Protein chains: 2
Amino acid sequence: MSDLLERLRGRGWRLTAQRRVVAEVLDGDHVHLTADEVHARAVTKLPEISRATVYNTLGELVSLGEVLEVSTDRRAKRYDPNAHRPHHHLVCAQCGAIRDVHPAGDPLSDLPDSERFGFTVSGVEVTYRGVCPHCAAA
Amino acid sequence: MSDLLERLRGRGWRLTAQRRVVAEVLDGDHVHLTADEVHARAVTKLPEISRATVYNTLGELVSLGEVLEVSTDRRAKRYDPNAHRPHHHLVCAQCGAIRDVHPAGDPLSDLPDSERFGFTVSGVEVTYRGVCPHCAAA
DNA sequence: TGCTTGACTTAGACAATGTCTATCGTAGGA
DNA sequence: TCCTACGATAGACATTGTCTAAGTCAAGCA
């Protein structure tokens, strides 16, 4: 994580306590947190941190490419610190659990020119839907 | 569209003026409308239709499998009347335009068991991102 | 070390989207 | 035609995210 802080510093970031805390939260073992969850965890470390700051900081991390935004449902964006390895997501339709997955093949190459309608296609997101073992057992 | 109305009737739907109007709007040539856009168009045909009714009706159409929910951004769900032919979506990152696309290959078969983590995988959504010709020219 | 400055943070209002509830209306069967 | 359960309605409410104006502070510089 100090890697991340150093990288950010190198990009001209002012290193404030709030930003440090947000980075720490994302570095924990819980992945795919919502902005609100990030805020909740950040508050336990720095009670006076505001919601706007968390949103701002997450937005900055995303635009710097350090964190990915994931939109697997309409409820809330989730933030995926695993930005440096391309991957897709597998989502439980019942409990919302998310796993990173690495399918074979490249969906981009599956889209022929005739299906691109003149678009400059730059990326693709794949979301698998299913039921996780825990929900299936219940 | 009368097809659709007949199908719905066959499923025990009560055929009200409001539901008829929502179905008509979806049957128009504009695809991928948001709930709000559907409401706006419905109001021109039936001024007293309420927002809740549009939401309810769309939700019912979705659960009946007559319409697909599409979530290409965090702004709003969109409703895709093209539910009977499997397809994916190509979205302009600038203006939000959406096209239906039919890529080759089947992403489901690209996900090996070792990457399923015990999930029962039932579906997959693929969203291509890019810039449409119109925005590229601007 | 002690200023200065502009970037950062804050609280809270606001906006957009969607959901819920209590009440009223009506489609369709008897 | 009348009844009744299902559907529609208005509007409050919830959630998520954005914006603004004012205060605060990290980092560079003397």
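Predicted model: local features only at pLDDT ≥ 70, side-chain atom pairs only at ≥ 80, totals over all residues.
Biologist: What makes the largest group of 23 residues a nonpolar core?

Modeller: The name asks for buried nonpolar residues joined through side-chain atoms within 4.5 Å. The largest such set here has 23 residues, and A:Tyr128 and B:Tyr128 have the most contacts inside it.

Biologist: Which elements supply at least two residues each?

Modeller: They are β4 (88-92) and β6 (120-131) of chain A, along with β4 (88-92) and β6 (120-131) of chain B. With five residues, β6(B) gives the most.

Biologist: How do you know which residues B:Tyr128 touches?

Modeller: A contact needs heavy atoms within 4.5 Å. Leaving out residues up to four places away in sequence, B:Tyr128 touches residues including A:Leu108, A:Val121, A:Val124, B:Leu90 and B:Val101.

Biologist: Now the DNA. Why is the pair between A:Arg51 and a base oxygen of DNA strand D called a polar contact?

Modeller: The cut-off for a pair of N or O atoms is 3.5 Å. A polar side-chain atom of A:Arg51 lies 3.1 Å from that base oxygen, so the pair qualifies.

Biologist: What about phosphate oxygens of DNA strand D and A:Arg75 or B:Ser50?

Modeller: For A:Arg75, a side-chain N or O atom is 3.3 Å from a phosphate oxygen. For B:Ser50, a polar backbone atom is 3.0 Å from one. Both distances are within 3.5 Å, so both pairs are polar contacts.

Biologist: What classes of residue make up the surface near DNA strand D?

Modeller: There are nine charged, seven nonpolar and four polar residues.

Terms used: Residues numbered from 1 in each chain as written. Chains lettered and ligands numbered in written order. Heavy atoms only, no water. Buried < 20%, exposed > 50% of the residue type's maximum accessible area, 1.4 Å probe, protein only. Helix = DSSP H or I, 4+ residues; strand = E, 2+ residues; numbered from the N terminus. Polar contact = N/O pair within 3.5 Å; in protein donor to acceptor, adjacent residues only side chain to side chain. Nonpolar A, V, L, I, M, F, W, Y, C, P; charged D, E, K, R; others polar.
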